[in-house]
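User: I am new to this structure and would like to learn how to read it. Can you take me through it feature by feature?

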Amino acid sequence: MTVKVHLSPSNPEEHEPGHMALSWHADDDSTFRGYVFRVEDLPPEFQDQGKWRDYLFEHTVPGHVIEDITMRDKAERNTGELMEQSWPADNTQSPVLQRICQEGPQGIYSFNPDDHPGAHNCVTWVTSRANEALGEVLPKVRQGRIKLMAEELRSRQNPRITS
């Protein structure tokens with residue numbers, strides 16, 4: 001079995017905050033999980049993508065674990081838009097990952113999770129789940145910033161960096 005993290009870098013010009021997901025692969029079975037917020041949980045005046053940052057840096061909304069088909073599709077296309085790192089894992093980790101990465105509502109979401117006790121964003125959620133399943137494989141980066149995690153992945157010896 002292999003466990004992977006996938007990071008899609010941010011693109012401020014496109015108001016794209018970036019994203020990080022976790023996957024595990026055994027035989028012919030792959031599972032991709034991501035941690036997101038739902039736009040409909042934002043106040044109406046902040047539901048435009050260009051205004052998400054204005055709200056989510058200061059406030060929290062419910063978080064949701066999803067089957068991350070967008071990241072799965074990006075990983076399968078292998079077009080160089082993702083940064084990835086993988087670790088071998090024992091097949092006994094699959095039930096652990098299934099349990100701690102169960103789809104549905106989970107916790108609270110913020111772009112500044114360090115300022116909101118118990119909150120996560122996609123980076124802090126993936127980091128915490130990978131570390132719980134595999135041991136301390138990823139460091140906690142300030143406020144779960146995509147840019148800081150991208151720098152961390154670039155600094156590693158043998159990550160598959162495709163960006």
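Predicted model: local features only at pLDDT ≥ 70, side-chain atom pairs only at ≥ 80, totals over all residues.

User: How many helices and strands does the protein chain have?

Analyst: The protein chain has 5 helices and 8 strands. Their order matters too. Along the sequence the pattern reads β-β-β-α-β-α-β-α-β-β-α-α-β.

User: What share of the residues counts as buried?

Analyst: Of the 163 residues, 46% count as buried.

User: What share of the contacts comes from residues 24 or more positions apart?

Analyst: Among contacts with a separation of 6 or more, residues 24 or more positions apart account for 65%.

User: Now the strands. Which strands pair with E1, and in which sense, parallel or antiparallel?

Analyst: Start with a general idea. In a regular strand the side chains alternate between the two faces of the sheet. Now the case here. E1 pairs with E2 in the antiparallel sense, over 7 bridges. E1 also pairs with strand E5, residues 83-88, over 6 antiparallel bridges. Look at individual residues next. Val5 stands opposite Leu22 in E2. Lys4 has Ser86 in E5 as its bridge partner.

User: Which strands does E6 join, and in which direction do they run?

Analyst: Take each neighbour in turn. Strand E4, residues 61-67, is joined to strand E6, residues 104-109, by 4 bridges, and these strands run antiparallel. E6 is also joined to strand E7, residues 119-120, by 2 bridges, and here the strands run parallel. Ile108 lets you follow both links. Pro62 has Ile108 as its bridge partner in E6. Ile108 in turn has Ala119 as its partner in E7.

User: Let me try one residue. Where does Phe32 lie, and is Phe32 buried or exposed?

Analyst: Phe32 lies in strand E3. Its relative accessibility is 3%, so Phe32 counts as buried. Then look at what surrounds it. Beyond its neighbours within four places in sequence, Phe32 is in contact with residues including His6, Leu22, Ile66, Met71 and Ala75. Also compare sequence with space. Phe32 and Val5 are 27 residues apart in sequence, and their C-alpha atoms are 9.4 Å apart.

User: Which residues touch the most other members of the largest nonpolar core?

Analyst: That core has 36 residues, and Met20, Leu22, Leu56, Leu97 and Leu138 touch the most other members. H4 gives the most to this core, with 6 residues. Leaving aside neighbours within four places in sequence, its contacts include Phe37, Leu42, Val61, Tyr109 and Phe111. A second, separate core has 5 residues, among them Ala21, Met71, Ala75 and Leu82.

User: Last, the loops. What is the phi of Asp27 and of Gln143?

Analyst: Asp27 has a phi near 55°, a positive value in a residue other than glycine. Gln143 also has a positive phi, about 55°, and is not a glycine. Now place them. Asp27 sits in the loop between strand E2 and strand E3. Gln143 lies in the loop between helix H4 and helix H5.

User: Which of these are buried or exposed: Asp27, Gln143?

Analyst: Asp27 is exposed, with a relative accessible area of 82%. Gln143 is buried, at 9%.

How values were computed: Residues numbered from 1 in each chain as written. Heavy atoms only, no water. Buried < 20%, exposed > 50% of the residue type's maximum accessible area, 1.4 Å probe, protein only. Core = buried A, V, L, I, M, F, W, Y, C linked by side-chain atoms within 4.5 Å. Contact = heavy atoms within 4.5 Å. Pairing = 2+ DSSP bridges.
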